[in-house]
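Subject: Structure for you to look at

Hello,

Here is the structure I said I would pass on. Please open it beside this email and follow along; my notes come after it.

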Amino acid sequence: MDEDGRLTTTSLKVAEVYGKRHDDVLKKIKNLNCNAKFHLPNFRGVEYIDKKWELRPSYEITKDGFTFLVSRFSGKKAGLFMEQFIAVFNAMEKALMQAPAVRNLEPLILTALTT
């Protein structure tokens, strides 16, 4: 968890789970096409101690940062994540659209999703 109580993961864990080299994940994070307003709160630079007891760079990553990062990965695990993300998004959209107050907002929601 970060200082704001948001659940986080690390660039080390992302590299491990997705079978990538940690230095490649670090490069990917540094080269993301997002503005500082998004990058700074979602990718916090931290350090860890490696097996040789040396400090190494890493990132603490929020859920939003993780989603942004992994959406740029390729491979079976990345594809599975995006399929699951889409399924959950669609389920939330369906639940929202069934609420009477939200049905009146449907045109606004559709406009927001397409812009």
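Asp 64 is partly exposed, because its relative accessible area of 41% lies between the 20% and 50% cut-offs. Please keep in mind that this is a predicted model. The side chain of Asp 64 meets that of Lys 63 in a salt bridge, at 3.1 Å from N to O. Lys 63 has a relative accessibility of 59%, so this residue counts as exposed.

How many salt bridges does the structure hold? There are eight. Arg 56 forms one with Asp 50, and the closest N and O atoms are 2.8 Å apart. Lys 52 and Glu 54 form another through their side chains, at 4.0 Å from N to O. These four residues, Asp 50, Lys 52, Glu 54 and Arg 56, are linked in a network of salt bridges.

Is Asp 50 buried or exposed? Asp 50 is buried, because its relative accessible area is 15%, under the cut-off of 20%. Lys 52, at 59%, counts as exposed, while Glu 54, at 32%, counts as partly exposed.

Now the aromatic rings. The count comes to four aromatic pairs. One of them is Tyr 18 with Phe 66, a tilted pair with 6.3 Å from centre to centre and 50 degrees between the planes. This pair links distant parts of the chain: Tyr 18 is in helix α1 (residues 11-18) and Phe 66 is in helix α4 (residues 63-70), 48 residues apart. Both Tyr 18 and Phe 66 are buried.

Phe 66 also pairs with Phe 81. Their ring centres are 5.2 Å apart and their planes are at 85 degrees, which is over 60, so the pair is edge-to-face. This pair, too, links distant parts of the chain, with Phe 66 in helix α4 and Phe 81 in helix α5 (residues 76-98), 15 residues apart. Phe 81 is buried, as is Phe 66. Together with Phe 73, the residues Tyr 18, Phe 66 and Phe 81 form one aromatic cluster.

Two rings have a charge over the face. Lys 20 lies over the face of Phe 73, at 4.9 Å from the ring centre. Arg 72 lies over the face of Phe 68, at 3.9 Å from the ring centre.

Which residues have the most contacts inside the largest nonpolar core? They are Val 14, Tyr 18, Ile 61, Leu 69 and Phe 73, in a core of 17 residues. The elements that give two or more residues to this core are α1, α2 (22-30), β3 (55-62), α4 and α5. Of these, α4 gives the most, with four residues. As background, nonpolar side chains in soluble globular proteins tend to be buried together.

Leaving out residues up to four places away in sequence, Phe 73 touches Val 14, Tyr 18, Lys 20, Val 25, Lys 28 and Ala 78. Among these, Val 14 and Tyr 18 are also listed with Phe 73 as having the most contacts inside the core, and Lys 20 is the residue over the face of the Phe 73 ring.

Regards

Conventions:
Residues are numbered from 1 along each chain as its sequence is written. This is a predicted model: local features need pLDDT of at least 70, side-chain atom pairs count only at pLDDT 80 or more; totals for chains, interfaces and linings use all residues. Side-chain values use heavy atoms; hydrogens and water are left out. Rings of Phe, Tyr and Trp (its six-membered ring) pair if their centres lie within 6.5 Å; planes under 30 degrees apart count as stacked, over 60 as edge-to-face and the rest as tilted. Buried means under 20% relative accessible area, exposed over 50%, partly exposed in between (1.4 Å probe, protein chains only). A charge sits over a ring if NZ of Lys or CZ of Arg is within 6 Å of the ring centre and within 35 degrees of the ring normal. A nonpolar core is a set of buried Ala, Val, Leu, Ile, Met, Phe, Trp, Tyr and Cys residues joined through side-chain atoms within 4.5 Å. Contact means heavy atoms within 4.5 Å.
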